[in-house]
Amino acid sequence: MAYSEKVIDHYENPRNVGAFAKDDPTVATGMVGAPACGDVMKLQIKVNDQGIIEDAKFKTYGCGSAIASSSLVTEWVKGKSLDEAAQIKNTDIAQELALPPVKIHCSILAEDAIKAAIADYKQRHGS
Amino acid sequence: MNYFQLFQLPAGFEVDLTELGTRYLELQRNFHPDNFATASERDRMMAVQQAANINDAYHSLKQPLLRAEHLLALRGVKISHEQRSFTDTSFLMQQMELREQLAEIQDAKDPESLISDIEQQITAQRKSLLKLLAATLAVNNPEQDLVAADIIRKLKFFFKLQHELELIEQQLQD
């Protein structure tokens, strides 16, 4: 199956790969996985006093589409408020990356990862 | 279709594989195309379909994970085509760590010992999860069936890890 140019671009030059220090109180982490394909995705956000996502990092073990989806999301969430970031839909990700139907679950995984990171932040900061 | 019924086996996670194999061969013989050479078109088609069903059923009952999924599906818990994300953070953290260890094999000074170390971890976890799965499915109530579904999901990650490890081993040998 052929990957779209955008998927290949993110796969070959993934943005924001890595991790933030675990003990940084401004950092929140979302961990999700897809049992069917064994993909594991970690997405971290660094949030400032105003509740704006200043930076984001990810680490994904999975196929090209899963890596591209998480890479794209880290780009998209930067500069967004938590509520804005929570609005990101898997359909937007799938459309941007021109994912075929069999790879839609990769975009769902990325959406769930950012939602999990936001939930983690809110839980830690009691809001 | 109830695969256990097809092979006249009790519907449960523990299956006598020898008996399964014997029933499979019997059924295959019964529905072999040669037996239907002079049959009507309709009967021939039905035999072909039944032979395909028998193969699917055998394939599903032979493998523990597929067997567990089929058993749960019969009990009304369908997980084989789900797209819902798995969110058990501590489990996924551990998966991430194992994946990181796999990624280190290529550059390791002693890749063989790292491989056997990871393999031991995977095998041990897989064995204990399979044991837990058997016990959970044996309870046969809706609440425990949901627990069983989560154990199957975890096992899938370990089967994937095993597969990835085998790919790395092959690459090293080439």
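In chain A, β1(A) and β2(A) form a hairpin with four residues between them. In its turn, G38(A) has a positive phi of about 75°. Helices (H or I, at least four residues) and strands (E, at least two) are DSSP runs, numbered from the N terminus. The model is predicted: local features need pLDDT of at least 70, side-chain atom pairs count only at pLDDT 80 or more, and totals for chains, interfaces and linings use all residues. Residues are numbered from 1 along each chain as its sequence is written, while chains are lettered from A and ligands numbered from 1 in the order in which they are written.

The predictor assigns the complex an ipTM of 0.89 and a pTM of 0.89. Chain B has an average pLDDT of 94, and 100% of its residues score at least 70. Here pLDDT is the predictor's confidence in each residue, from 0 to 100.

The β1(A)–β2(A) pair runs antiparallel and is joined by eight bridges. Strands count as paired if DSSP finds at least two bridges between them. Within this pair, M31(A) stands opposite K42(A) of β2(A). V40(A) has Y61(A) as its bridge partner, Q44(A) has K57(A), and V47(A) stands opposite I53(A).

Together the three strands make an open antiparallel sheet in the order β1-β2-β3 of chain A. β1 and β3 (53-61) of chain A stand at the edges with a single partner strand each, so one side of each is left without a neighbour in the sheet. From one strand to the next, the twist averages 15°. α5(A) packs on the sheet and touches β1 and β2 of chain A. Its direction makes about 145° with that of β1(A). Axes are lines fitted to C-alpha atoms, for helices over the stretch in contact, and angles run from 0 to 180 degrees between N-to-C directions.

β2(A) is mostly covered, with eight of its nine residues buried. A residue is buried if 20 or more other C-beta atoms, placed from the backbone, lie within 10 Å of its own. A nonpolar core is a set of buried Ala, Val, Leu, Ile, Met, Phe, Trp, Tyr and Cys residues joined through C-beta atoms within 7 Å. The largest such core has 40 residues. Those with the most contacts inside it are M41(A), V73(A), L109(A), A113(A), I114(A) and A117(A). β1, β2, β3, α2 (64-77), α3 (82-85), α4 (90-97) and α5 of chain A each give two or more residues to this core. The largest share, 10 residues, comes from α5(A). Beyond its neighbours within four places in sequence, V73(A) is in contact with residues including L43(A), I93(A) and I114(A). Contact requires C-beta atoms, placed from the backbone, within 7 Å. A second, separate core of 14 residues includes L98(B), I151(B), I152(B) and F157(B).

Between the chains, 15 residues of chain A are in contact with 14 of chain B. On the chain A side, β1 (27-34), β2 (39-47) and α5 (104-125) each supply at least two residues. α5(A) gives the largest share, five residues. This side divides into 10 nonpolar, three polar and two charged residues. Ala, Val, Leu, Ile, Met, Phe, Trp, Tyr, Cys and Pro count as nonpolar, Asp, Glu, Lys and Arg as charged, and the others, Gly among them, as polar.

Terms used. Two residues are in contact if their C-beta atoms, placed from the backbone, lie within 7 Å. A residue is buried if 20 or more other C-beta atoms lie within 10 Å of its own, exposed if 12 or fewer, and partly exposed in between; C-beta atoms are placed from the backbone.
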